[in-house]
Amino acid sequence: MKRTISTDDAPEAVGAYSQATTDGSTLYTAGQIPLTPDGDLYADADIATQTELALDNIMAILAAEDLAAEHILKTTVFLADIDDFDAMNETYETYFAAAPPARSAVEAGALPKDVGVEIEAGATYPEAWAHVAHRACCGGSSAGCCFFSSPWATVLPAGCWRVAAGGSP
């Protein structure tokens, strides 16, 4: 079931959309621009600053769901001018030092509020993978399964663990 996500730590939606939505396994953010949670627009700032603000907004939305950069599977970067790619990329890579997500970067021409960059992201909830493996192996039965203290870790019955780890039951 779809659920909308909203946080005061990112700018309010400025139209008929949500900051993010989720189905419980994947989270999708709306495109984020260099707009602060207080409504200050940085359309005239350099692309590095605009990229930082857009990514900070994405990180704030993820944090509202106890997620972080390492949970992002894919981003799409829209640039008003593709010649800004290198400057955007220098800032972008500081957010994803290890195992960066898949990414598309396209020149979009005009962007909302005449900004130079807009970024959207799709992220996964870590516990969703254990539930998928459990359903596939155990038919969703909780018999024999137990949970331990890590908020994202699940110990499944022996056969499920092997499936979740990529082996065969």
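The face of helix H2 (85-95) turned away from its buried side carries three exposed residues: Asp 86, Glu 90 and Thr 94. The model is predicted. The protein chain has 4 helices and 8 strands.

**Helix H2**

- The buried residues of H2 are Met 88, Thr 91, Tyr 92 and Tyr 95.
- Viewed down the helix axis, these buried residues fall within an arc of 105°, so they line one face of H2.
- That buried set packs against H1, E4, strand E5 (102-107) and E6.
- The exposed residues Asp 86, Glu 90 and Thr 94 sit on the face turned away from the buried side.

- The structure holds 1 aromatic pair.
- Its members are Tyr 92 and Phe 96: the ring centres are 4.8 Å apart and the planes meet at 45°, so the pair counts as tilted.

**Helix H1**

- Helix H1 runs over residues 47-63.
- Of the 17 residues in H1, 12 are buried, so the helix is largely enclosed by the rest of the structure.
- Among the buried residues are Ile 47, Leu 53, Leu 55, Ile 58, Met 59, Ile 61 and Leu 62.
- Gln 50, Thr 51 and Asn 57 are also on the buried list of H1.
- The cover over these residues includes strand E1 (3-5), strand E2 (20-22), strand E3 (26-29) and E4.
- Helix H2 and strand E6 (117-124) are also part of that cover.
- Asp 46 caps the N-terminal end of H1, with a side-chain oxygen 3.1 Å from the backbone nitrogen of Ala 48.

**His 71 and its loop**

- His 71 is found in the loop between H1 and strand E4 (72-79).
- The residue counts as buried because its relative accessible area is 11%, against a cut-off of under 20%.
- A polar atom of the His 71 side chain lies 2.9 Å from the backbone nitrogen of Ala 68.
- Leaving aside neighbours within four places in sequence, His 71 is in contact with Asp 66, Gly 122, Ala 123, Thr 124 and Pro 126.

**Ala 98 and its loop**

- Ala 98 is found in the loop between H2 and E5.
- Ala 98 is exposed because its relative accessible area is 66%, where exposed means over 50%.
- Ala 98 and Ala 69 are 29 residues apart in sequence, yet their C-alpha atoms are 9.7 Å apart in space.

**Whole chain**

- Along the sequence, the pattern reads β-β-β-α-β-α-β-β-α-β-β-α.
- The chain has 169 residues, and buried residues make up 38% of them.
- Among contacts between residues at least 6 apart in sequence, 64% join residues at least 24 apart.

Definitions and conventions:
Residues numbered from 1 in each chain as written. Predicted model: local features only at pLDDT ≥ 70, side-chain atom pairs only at ≥ 80, totals over all residues. Heavy atoms only, no water. Helix = DSSP H or I, 4+ residues; strand = E, 2+ residues; numbered from the N terminus. Buried < 20%, exposed > 50% of the residue type's maximum accessible area, 1.4 Å probe, protein only. Polar contact = N/O pair within 3.5 Å; in protein donor to acceptor, adjacent residues only side chain to side chain. Contact = heavy atoms within 4.5 Å. Phe/Tyr/Trp six-rings, centres within 6.5 Å; stacked < 30°, edge-to-face > 60°. Arc of directions from axis to C-beta.
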